[in-house]
Amino acid sequence: QVQLVESGGGLVQAGGSLRLSCASSGRTISNYAMGWFRQAPGKEREFVARFNWRGTSTYYANSVKGRFTISRDNAKNTVYLQMNSLKPEDTAVYYCATGAKMVSDNLDYWGQGTQVTVSS
């Protein structure tokens, strides 16, 4: 069974950068959709960025477009989220997600999350 472990969160000042990592164990990430979501206190979980299952297309929430970049290293079974020009409203728990089936764009499995806090 696939396990996703996020890392790289922390406390950063507004305008700073962080890079999150999501390591997949128990299964390759090749041919699986991968993505990042986040949940701020008192709010619902929201989409941040994702790959399609082919790994050839990326999609971003409007709120992060131009500031965040999703990337993947299939050899390391790891997905990254480079976050630049961070804002206090980016404060949230960030979750990595992947699909249960190959050749599908559904996202079904989630990691435990990593906290990102941006101070003003």
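## Serine 104

Serine 104 lies in the loop that joins strand 9 to strand 10 (109-110); strands here are DSSP runs of E with at least two residues, and helices are runs of H or I with at least four, numbered from the N terminus. The model is predicted: local features need pLDDT of at least 70 and side-chain atom pairs count only at pLDDT 80 or more, while totals for chains, interfaces and linings use all residues. Residues are numbered from 1 along each chain as its sequence is written, and side-chain values use heavy atoms, with hydrogens and water left out.

With a relative accessible area of 17%, serine 104 is buried (buried means under 20% relative accessible area, exposed over 50%, and partly exposed in between, with a 1.4 Å probe and protein chains only). Apart from neighbours within four places in sequence, serine 104 is in contact with Ala33 and Trp53, where contact means heavy atoms within 4.5 Å. Asparagine 77 is 27 residues away from serine 104 along the chain, and the C-alpha atoms of the two are separated by 17 Å.

In soluble globular proteins, nonpolar side chains tend to be buried together.

Four strands form an open sheet in the order 1-3-8-7, with antiparallel pairing; two strands pair if DSSP finds at least two bridges between them. Strand 1 (3-7) and strand 7 are the edge strands, each pairing on one side only. From one strand to the next the twist averages 15 degrees (axes are lines fitted to C-alpha atoms, for helices over the stretch in contact, and angles run from 0 to 180 degrees between N-to-C directions).

Five bridges link strand 1 and strand 3 in the antiparallel sense. Across strand 3, valine 5 faces alanine 23 and glutamine 3 faces serine 25. Strand 3 also pairs with strand 8 in the antiparallel sense, over six bridges, and arginine 19 stands opposite glutamine 82 in strand 8.

## Positive phi in two loops

Asparagine 31, in the loop between strand 3 and strand 4, has a phi near 70 degrees, a positive value in a residue other than glycine. Asparagine 31 is partly exposed, at a relative accessible area of 34%.

Serine 85, in the loop between strand 8 and strand 9, has a positive phi of about 50 degrees and is not a glycine. Serine 85 counts as partly exposed at 39% relative accessibility.

## The whole chain

The chain has zero helices and 11 strands. Its radius of gyration is 13 Å, close to the 14 Å that the globule rule gives for 120 residues, so the chain is as compact as a globular protein of that length; the radius is taken over C-alpha atoms, and the rule is 2.2 Å times the number of residues to the power 0.38. Along the principal axes, the C-alpha atoms fill a box of roughly 40 × 25 × 25 Å.

Buried residues make up 46% of the 120 residues.
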